[in-house]
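Work through the two exercises below with the sequence and the model in view, and try each task before reading its solution.

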Amino acid sequence: MPQIYLRHTQANELDQVMKIIHDAQKQLLRENINQWQDGHPSVEQVKQDIQNSISYVLISNHQIAGTAALLKEPEPTYQEIIDGSWLNNNSPYATIHRFALADDFKGHSLSSILISCLLTVGYQLNFANFRIDTHPDNQRMQHLVQKNGFTYQGKIRLNDPQRSFRLAYELNL
């Protein structure tokens with residue numbers, strides 16, 4: 001059994017994390033999913049996540065297998081939810097963003113382990129309410145979050161010129 005654990009991303013790992021993100025962007029493009037095709041997440045955003053200690057990497061056998069950000073502040077785009085509502089609007093929540101798994105580690109259930117680890121960290125930070133969103137065409141991510149206990153709550157609108165929509169999910173422990 002491989003050693004698998006979650007830890008904060010270190011500054012010298014920025015290039016490795018960006019490679020995982022760029023590979024995910026390419027996969028989304030191959031699948032005709034218009035998510036992360038605008039250069040997001042950017043190097044500057046990930047660098048800031050690392051500096052703010054909200055960037056995490058999943059380590060499997062001493063290699064970076066995945067990456068994600070766990071935001072502890074309210075997500076501005078979650079203020080308004082369309083065609084639904086949040087289950088818990090009274091408690092603080094943590095948001096999972098910039099979630100990606102390295103190509104070499106796909107197919108080993110590590111995405112679920114990454115989510116589980118993020119939930120554990122969030123819970124240790126006193127969050128029992130978690131939110132995540134994804135592109136309407138990203139069936140893989142929708143399946144993953146639902147498989148891990150998140151429920152669909154409605155749509156949120158991004159802060160972009162096209163005012164793109166994303167499907168919003170929530171999990172309360």
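**Exercise 1.** Determine the handedness with which helix 3 passes helix 4, and then describe the angle and the contact.

*Solution.* Helix 3 passes helix 4 in a right-handed crossing, where right-handed means that the near helix is turned clockwise from the far one by less than a right angle. The axes of helix 3 (residues 110-124) and helix 4 (residues 139-147) cross at roughly 55° and come within 10 Å. On the helix 3 side, Ser111, Ser112 and Ile115 make the contact, and on the helix 4 side Leu144, Val145 and Lys147, with contact taken as heavy atoms within 4.5 Å. Sorted by class, the contact of helix 3 with helix 4 has three nonpolar, two polar and one charged residues.

The model is predicted, with local features requiring pLDDT of at least 70 and side-chain atom pairs pLDDT 80 or more, while totals for chains, interfaces and linings use all residues. Residues are numbered from 1 along each chain as its sequence is written, and side-chain values use heavy atoms, leaving out hydrogens and water.

**Exercise 2.** Work out which strands stand at the edges of the open sheet.

*Solution.* Begin with the order, which is 1-2-3-4-5-7-6 for the seven strands, with mixed pairing. Strand 1 (4-8) and strand 6 (151-157) stand at the edges, each with a single partner strand, so one side of each lacks a neighbour in the sheet. Further in, strand 5 (residues 129-134) pairs with strand 7 (residues 165-172) in the antiparallel sense over six bridges, pairing requiring at least two bridges found by DSSP. Within strand 7, Asn172 stands opposite Asn129.

Key: Axes are lines fitted to C-alpha atoms, for helices over the stretch in contact, and angles run from 0 to 180 degrees between N-to-C directions. Helices (H or I, at least four residues) and strands (E, at least two) are DSSP runs, numbered from the N terminus. Ala, Val, Leu, Ile, Met, Phe, Trp, Tyr, Cys and Pro count as nonpolar, Asp, Glu, Lys and Arg as charged, and the others, Gly among them, as polar.
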